[in-house]
Amino acid sequence: MYDTIIIGAGPAGMTAALYVARSNLKVALIEGGFPGGQMNNTSDIENYPGYANISGPELAEKMFEPLENLGVEHLYGFVKNIENHGDVKKVITDDEEFETRTVIVATGSKHRLLGVPGEEELNSRGVSYCAVCDGAFFRDQDLLVVGGGDSSVEEAIFLTQFAKSVTIVHRRDELRAQKVLQDRAFANEKINFIWDSVVKEIKGENRVESVVIENVKTNQVTEHAFGGVFIYVGLDPVSDFTKDLQIQDASGWIVTDDHMKTSVAGVFAVGDVRQKDLRQVTTAVGDGAIAGQEAYKYITEHC
Ligand SMILES: Cc1cc2nc3c(=O)[nH]c(=O)nc-3n(C[C@H](O)[C@H](O)[C@H](O)COP(=O)(O)OP(=O)(O)OC[C@H]3O[C@@H](n4cnc5c(N)ncnc54)[C@H](O)[C@@H]3O)c2cc1C
């Protein structure tokens, strides 16, 4: 029997593990992939206090390192379901079941698909959702980045170190990204913009060769040659496995109060998977700290 099982080893889950373990509780951190979460797909993090600039994977490593010494059990597995039996919760993975007094859900979000012809067929053959993972394969090519938020602008700037040119296509006439990123993108000679436009189709025989783009104001359709397309058009929660608990809103984001408590006693949610305004490493870390502390309080008061 664990005191706390944390599902997901991104910044939110790792911070929750740190706080629970320092309270001397028996804690397991279940991760279906590589510890670090979305930070592993992030080139430069420039808004994490204490570091002017740090690569995502490096920050992930720094967060993960101390957990083992604190006695956090790192278990590999994909959680399929959580059963609520009152004071005891069952966490069910592909091939194992664990009992715990509290659960902290920290499974984050996943990139949204564009949903256009060619996207699926050419995935990993020029279509990518991770500049850090794939950018170096696109040396001296003309690339398209889809989206106008922080992630798309940040990763477009990152891609300029490999690419011949990077074009950002955005459905509005201004970017949503932070001002500092916008200024840097506008000043970068390798970055071009296509405004008020959406991708209609990605074309190519075996690899991406061109992209069909429609201007939403004029309805003019044009085809442009690109060697790669990087897509950053929003996020969806990774929360399907919590359905039985009925703790999600209509879009699947998990609803919590300020203490990270869901409507099920002993079940907490933190980080990107939560219904909230700002999805960042700093806010994930803050959520994790609160949930770790609240899980400790719950156990001392209820168990
Ligand atoms: C390209 C890009 C650039 C970004 N740049 C920045 C930036 O510069 N600054 C910043 O602050 N933020 C940035 N972000 C956002 C930041 O990475 C996220 O807000 C943060 O990682 C969220 O942390 P999290 O712990 O909630 O979730 P995640 O980091 O998504 O981690 C969730 C973890 O849960 C695991 N998991 C999911 N489902 C299961 C399951 N069923 N069972 C077991 N494990 C599971 C996943 O494998 C993953 O490791 C960026 C994001 C992207 C995509």
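1. Rings of Phe, Tyr and Trp (for Trp, the six-membered ring) pair if their centres lie within 6.5 Å; planes under 30 degrees apart are stacked, over 60 edge-to-face, and the rest tilted. By this rule the structure has six aromatic pairs. The model is predicted: local features need pLDDT of at least 70, side-chain atom pairs count only at pLDDT 80 or more, and totals for chains, interfaces and linings use all residues. Residues are numbered from 1 along each chain as its sequence is written, and side-chain values use heavy atoms, with hydrogens and water left out.

2. Look at Phe 138 and Phe 230. Their ring centres are 5.2 Å apart and their planes stand at 70°, so this pair is edge-to-face. Phe 138 sits in the loop between α3 (131–134) and β11 (142–146), and Phe 230 in strand β17 (residues 228–231), so the pair ties together parts 92 residues apart in sequence. Helices (H or I, at least four residues) and strands (E, at least two) are DSSP runs, numbered from the N terminus. Both Phe 138 and Phe 230 are buried. Buried means under 20% relative accessible area, exposed over 50%, and partly exposed in between (1.4 Å probe, protein chains only).

3. Phe 186 and Phe 193 make a tilted pair, with 5.0 Å from centre to centre and 50° between the planes. Phe 186 has 45% relative accessibility, so it counts as partly exposed. Phe 193 is also partly exposed, at 21%. Ring pairs join Phe 186, Phe 193 and Trp 195 into a cluster.

4. Which residue lies over the face of Trp 253? Arg 279 does, 3.7 Å from the ring centre. The rule for a charge over a ring: NZ of Lys or CZ of Arg within 6 Å of the ring centre and within 35 degrees of the ring normal.

5. Now the sheet. Five strands form an open sheet with parallel pairing, in the order β10-β17-β11-β12-β13. Strands pair if DSSP finds at least two bridges between them. The edge strands, β10 (127–128) and β13 (191–194), each pair on one side only. Strands β11 and β12 (residues 165–169) run parallel and are joined by five bridges. Val 145 has Ile 168 in β12 as its bridge partner.

6. Ser 197 belongs to strand β14 (residues 197–203). Its relative accessible area is 4%, so Ser 197 is buried. Leaving aside neighbours within four places in sequence, Ser 197 is in contact (heavy atoms within 4.5 Å) with residues including Val 169, His 170, Arg 171 and Ile 213.
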